[in-house]
Amino acid sequence: MALPVAEWQARVARLWAALDPALRERLAAGSLQDAVLLGCDLLRSEEEEEAALVRLCHQARTDKEPEAASWYREQGNQEFKRGRYQAALRLYSKAASHELPGSPEVSVCFANRSAALLHLGHFEVCLEDIARAESHGYPDRLLPKVLLRKAECLLCLERLQEAQDILAMLESKIALDGVMTAHLTRLKKLSQLKVKLGEKKRCPEPAQEAHGGIQTEPEIWEENSRISGASSSLSLSFDAERGRHLVASQDIVPGQSLVKEEAFVSVLCPGESLPLQDGDTAWDTQATNADLYCHRCLRQLLASVPCQGCSYAKYCSQDCADVAWQQYHRTECSLGALLLTLGIFCHVALRTVLLAGFAEVSRLVAWSHHGDKNLQNPEASYKPLSDAGADSRGIPGCGSNGHYQSSYQALFHLLPHTEQHSPEHKFLCTLSVVAICKQLKAAGLEAAVLNQESPQQWSKPKTCGKTSDELSPELKTVAEAMLRHVLQLQCNAQAITVMQELGPGDGAVVDKKPVRLATAFFPVLSLLNHSCCPNTSVSFSGTAATVRASQPISSGQEVLHCYGPHWCRMRVAERQQLLRQYFFECCCRACLEELEPGVKSVVSIRNSFCCPKCQAQMQGEEDTLCCSNEACATSTSRDHLSGRLQDLQQQIQKALDLLRVRKADQAIKMLLKCQMDAGTFLSPEHLLMGEMEDHLAQVYATLGKWQEAARHLKKSIEIVEMHHGPSSVETGHELFKLAQILFNGFAVSEALSTIQRAEGILSVHFGPQSAQIQELQEMKACLSELPRNILQRT
């Protein structure tokens with residue numbers, strides 16, 4: 001959630017309504033500095049609001065809870081006994097995050113998790129968890145079981161001598177009962193067989209060596225000498241109408257990388273819940289983004305390393321945990337509940353100033369106070385590029401050398417649009433950042449924030465509490481910078497997305513959708529202006545963004561990025577409504593064409609209703625729709641057809657629920673019935689018609705009926721191409737699924753041609769090194785190695 005929880009928003013709204021009108025006017029017209037000073041005065045006198053915020057924080061549980069750990073561990077044990085090792089793995093991780101560091105209980109969590117990892121075949125990570133269990137004081141009486149697990153992992157990894165050493169040590173030093181001795185004997189025999197097998201395979205055959213990873217040509221990349229992370233094929237321009245923007249300095253081809261930028265700051269979003277088990281429980285048993293991704297680098301978690309101070313932050317490695325602690329988490333750790341309560345924008349703002357360092361923050365805040373009449377719109381004080389010189393010194397955010405870096409200075413110069421935010425929103429943001437700074441002072445964290453604390457002083461700060469102490473001038477500076485960043489985020493926040501798997505997870509055909517993973521600041525990426533018909537595509541790997549050309553871009557043409565509402569997915573009126581948050585009116589080619597008199601949106605045409613009697617298109621802008629076939633002249637209310645559409649979507653969801661519980665036959669019957677119903681009032685090109693074909697393909701794929709699955713998916717692809725275009729990322733994802741189905745169905749020649757087409761589209765949007773491209777190439781290599789007589793028959 002970008003903004004604070006609803007309860008805090010409501011309290012602040014009531015406080016705003018009760019303010020003296022003169023004070024409201026001062027807050028609305030004042031500078032960021034004035035807003036912070038007034039916010040400090042108000043929050044100091046409103047003890048009730050502070051107490052309410054503390055109560056709200058108690059609803060966001062981020063402290064260690066040993067009782068929760070014990071419960072999660074028991075839930076994990078139950079899942080393990082059922083053979084649900086992935087669910088057990090996540091529950092053991094939840095348990096470990098709630099245990100006190102260094103306790104025997106946390107060592108048991110790591111040991112239990114190592115057992116799940118062994119069953120899932122993650123042998124290296126299993127060994128890491130065994131080492132964690134040993135380092136946290138795993139009980140001696142249970143050690144033989146863990147050491148045997150370690151030996152089994154080593155055997156599977158062909159580390160035979162180490163496995164033998166473990167077994168020899170167990171034989172000589174540990175008294176085992178009969179059952180354990182039998183287990184040990186079996187492992188020893190297996191070890192001897194592995195040694196003999198290893199001796200025979202010391203000289204691998206050349207053919208086996210050749211089957212390594214798929215080799216891809218390295219991407220040609222030359223970085224811009226004046227814009228960090230940008231291609232040399234771009235130049236930075238500035239004018240009053242478009243502000244800062246990037247222009248092609250040479251012809252660019254589709255798929256060419258234009259920007260490669262690491263986020264200056266990113267914060268993991270809590271995300272949607274993925275149920276692990278049914279039923280209400282005392283603690284949340286669902287896996288969220290916080291359980292699935294590293295809180296620093298956003299890498300997908302397998303066996304998380306928990307923070308030693310809180311239960312919320314989890315990392316992919318101890319190195320990531322240590323770096324996060326040093327850079328920002330030692331300050332954020334005890335504030336986790338407050339930051340979850342006040343929303344992701346406040347969290348990003350705090351982390352931004354922590355990463356920038358107080359010296360740089362105070363320097364730029366002081367600069368903003370030096371009588372600049374254009375403080376609310378810094379770009380207004382800069383000359384156009386043609387007057388500023390070819391070295392870009394006149395462009396805001398550039399250094400004295402004219403270079404634009406992905407730096408805090410560039411980030412600070414992103415427009416906050418202070419005068420265009422509503423006074424109520426500005427007031428909410430002000431009180432929220434002041435509340436964070438007051439808690440920093442109450443928790444004894446001021447020295448850490450101001451970089452006045454030595455590493456020897458790093459320790460867990462005090463717990464969250466109420467304070468009415470006056471903020472120091474330095475903390476007011478921090479609050480002002482944070483307020484600036486919260487306001488900037490409305491127009492400059494970049495969602496980092498990841499392709500997340502959907503469906504029952506059978507593994508044969510993987511359906512994925514993009515999910516918001518984190519919110520970030522990318523100073524260079526923010527240079528790209530919006531278009532509803534962009535010429536670029538953005539993808540993410542961890543905290544890094546890559547912008548690629550999605551179509552040819554001629555020299556001198558502006559490089560454009562879509563902020564969200566795409567012309568293929570939304571009508572112009574809806575797009576313009578959404579874009580108001582960015583404080584500009586979109587005048588891109590798609591919007592101008594659609595606003596022409598008599599022009600109807602392709603979204604409206606393709607997603608239209610059809611006549612229930614003759615299936616001709618229904619038309620009309622009012623509540624009553626009429627059949628376009630004059631001979632029919634049927635009319636009906638828009639509300640009636642919209643209600644039918646809503647009922648249809650609910651039936652489709654019920655069919656998908658049946659698929660999730662492995663009732664494929666019932667799901668097929670329901671989806672086919674939905675198709676028949678949809679055909680009576682939806683146009684054949686309606687996106688929902690394509691979605692139903694996609695769902696049917698998914699169901700047939702789970703049953704192994706590959707030809708039926710391919711037939712339905714091809715119909716889905718036709719509709720997707722009609723809406724989004726044959727080279728769109730949506731078409732690429734559908735072709736990827738079709739390639740999987742054809743591969744599994746052994747339709748070799750058709751699979752190879754589909755793979756080639758999918759590869760061509762997805763490499764433009766995601767690059768040749770993406771996971772999907774690698775998987776397509778692996779399928780192609782596997783099919784190409786089949787005997788010639790099989791290839792000729794298929």
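Visitor: What share of the 794 residues of the chain counts as buried, and what makes a residue buried?

Guide: In this predicted model, 51% of the 794 residues of the chain count as buried, a word used here for a relative accessible area under 20%. The accessible surface of the chain comes to about 37,200 Å², and carbon and sulfur atoms account for 50% of that surface.

Visitor: Why is helix H7 called largely enclosed by the rest of the structure?

Guide: Of the 16 residues of H7, 12 are buried, and therefore the helix is described as largely enclosed by the rest of the structure. Among these buried residues are Val-106, Cys-109, Phe-110, Arg-113 and Leu-117. The cover over the buried residues of H7 includes helix H5 (66–81), helix H6 (85–98), helix H8 (123–135), helix H9 (143–156) and strand S5 (305–306).

Visitor: How do you know that the span of H7 agrees with its 16 residues?

Guide: Helix H7 covers residues 104–119, and at 1.5 Å a residue it should span 22 Å; the C-alpha atoms at its ends lie 23 Å apart, so the two values agree. After H7 comes Gly-121, which has a positive phi, near 85 degrees.

Visitor: Are Cys-307 and Cys-333 buried or exposed?

Guide: The cut-off for buried is under 20% relative accessible area; Cys-307 has 5% and is therefore buried, and Cys-333, at 4%, counts as buried too.

Visitor: What makes strands S3 and S10 edge strands of their sheet?

Guide: The sheet is an open one of 3 strands in the order S3-S11-S10, with antiparallel pairing. Strand S3 (257–262) and strand S10 (536–541) each have a single partner strand, so one side of each is left without a neighbour in the sheet. On average, neighbouring strands of this sheet are turned by 15 degrees against each other, direction ignored.

Visitor: How do you know that S10 and S11 pair?

Guide: At least two bridges are needed for two strands to pair, and 6 bridges join S10 to strand S11 (residues 544–549), with the two running antiparallel. Within this arrangement, Thr-536 stands opposite Ala-549 in S11. Helix H31 (residues 748–766) lies across S10 and S11, and runs at about 125 degrees to S11.

Note on methods
Residues are numbered from 1 along each chain as its sequence is written. This is a predicted model: local features need pLDDT of at least 70, side-chain atom pairs count only at pLDDT 80 or more; totals for chains, interfaces and linings use all residues. Side-chain values use heavy atoms; hydrogens and water are left out. Helices (H or I, at least four residues) and strands (E, at least two) are DSSP runs, numbered from the N terminus. Axes are lines fitted to C-alpha atoms, for helices over the stretch in contact, and angles run from 0 to 180 degrees between N-to-C directions. Contact means heavy atoms within 4.5 Å. Buried means under 20% relative accessible area, exposed over 50%, partly exposed in between (1.4 Å probe, protein chains only). Accessible areas come from the Shrake-Rupley method with a 1.4 Å probe; for residues, only the protein chains shown count as cover. The expected span of a helix is 1.5 Å times one less than its number of residues.
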